[in-house]
Amino acid sequence: NRFTVSSFYMDRTEVTNFHWLEYVYWMKRVYNKTYPHIYKKALPDTLCWRDPLSYREKFVEYYFRYPAYRDYPVVGVTWGQAVAFNAWRTQIMNEWRQKEDQTYIQKFRLPSEAEWEYAARGGRNLAPYPWGGPYMRNAQGCPLANFKPMRGDYVEDGAIRTVSTDSYSPNDYGLFNMAGNVAEWTSTAFDETVYDFSHDLSPEYSYHARVDDPPTLHRKVIRGGSWKDIGYYCQTGTRSFEYRDTSKAYVGFRSAMTYMGRGKSGSPEDWN
């Protein structure tokens, strides 16, 4: 489907463990003594690495806090935690800007599914992958993303699991790992038929599920594929979902922000 999105900014990389640690330390300093339950909600689920069919215990203990993984994407965070992180990020930035007598910024937020796909394509609107395509390898046969080339082979692309968020080459908008590494939360609620009724100008489908709603209403769109996925899920047009309260070792996110003002239509400078 063809659609138009309004101008926006997007993080060049996925949110890292280092970014999330800053958030955790701030929450600990502010809330741990008086409201420890709030601080605990900020912690990622490191047990997401545990798998009864695969030995990954070292990642349970080391992945989030060990310095070697500081620039790796944070995982084990739910959709709600990602939303809370963006609210904190907005608050911290605006507090600093207030001290500097500067205008408040727009809110950090999760990108919509449409924004994410527009950014992932990098101006290559007919290509299946962020770098153009139609293959997951370059002319020399080297993988262009962190994914699973074939069953049982996690190593050929240069990584067994996640990699640093600035690994591989960026797309033409300067964005890294829009395919592979970790799949990314979007703000959009998942519905298989959304293309049948969505608007063609800045499309977005939102639903704030209640606790007693059916499980299907708790689904949120994830995009981009991950280190454990085959190439199909890394395509810019492939849709998938996870339940908003789940935390996975293969799902992270990056932040977006609405651009206020007039830009040149179709120009990357409008939003990146």
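This is a predicted model: local features need pLDDT of at least 70, side-chain atom pairs count only at pLDDT 80 or more; totals for chains, interfaces and linings use all residues.
Tyr-232 lies in the loop between β3 and β4 (240-243). Its relative accessibility is 47%, so Tyr-232 counts as partly exposed.

Arg-244 is placed in the loop between β4 and β5 (251-252). At 16% relative accessibility, Arg-244 counts as buried, because the cut-off for burial is under 20%. Not counting residues up to four places away in sequence, Arg-244 touches Thr-78, Trp-79, Gly-80, Trp-185, His-208, Ala-209, His-218 and Lys-220. Arg-244 and Asn-181 are 63 residues apart in sequence. Their C-alpha atoms are 20 Å apart in space.

Trp-79, one of the contacts of Arg-244, is also among the buried residues of helix α4. This helix covers residues 79-99, 21 residues in total. At 1.5 Å a residue, α4 should span 30 Å. The expected span is taken over one less than the number of residues. The end C-alpha atoms of α4 are 31 Å apart, which agrees. The buried residues of α4 are Trp-79, Gln-81, Ala-82, Phe-85, Asn-86, Trp-88, Thr-90, Asn-94 and Arg-97. Just after α4, Asp-101 takes a positive phi of about 60 degrees.

Nonpolar side chains tend to be buried together in soluble globular proteins. Here, the largest nonpolar core has 33 residues. The members that touch the most others are Trp-20, Tyr-23, Trp-49, Val-74, Phe-85, Trp-185 and Phe-253. At least two residues of this core come from each of α1, α3 (57-62), α4 and β2. α1 gives the most, with 6 residues. A second, separate core holds 10 residues. Ala-114, Trp-116, Tyr-173 and Leu-175 are among them.

Phe-85 is a buried residue of α4, and Trp-185 touches Arg-244. Trp-49 has its own set of contacts, again not counting residues up to four places away in sequence. These are Arg-56, Phe-59, Val-60, Tyr-63, Val-75, Arg-161, Thr-162, Trp-227 and Ala-249.

Technical notes. Residues are numbered from 1 along each chain as its sequence is written. Side-chain values use heavy atoms; hydrogens and water are left out. Helices (H or I, at least four residues) and strands (E, at least two) are DSSP runs, numbered from the N terminus. Buried means under 20% relative accessible area, exposed over 50%, partly exposed in between (1.4 Å probe, protein chains only). Contact means heavy atoms within 4.5 Å. A nonpolar core is a set of buried Ala, Val, Leu, Ile, Met, Phe, Trp, Tyr and Cys residues joined through side-chain atoms within 4.5 Å.
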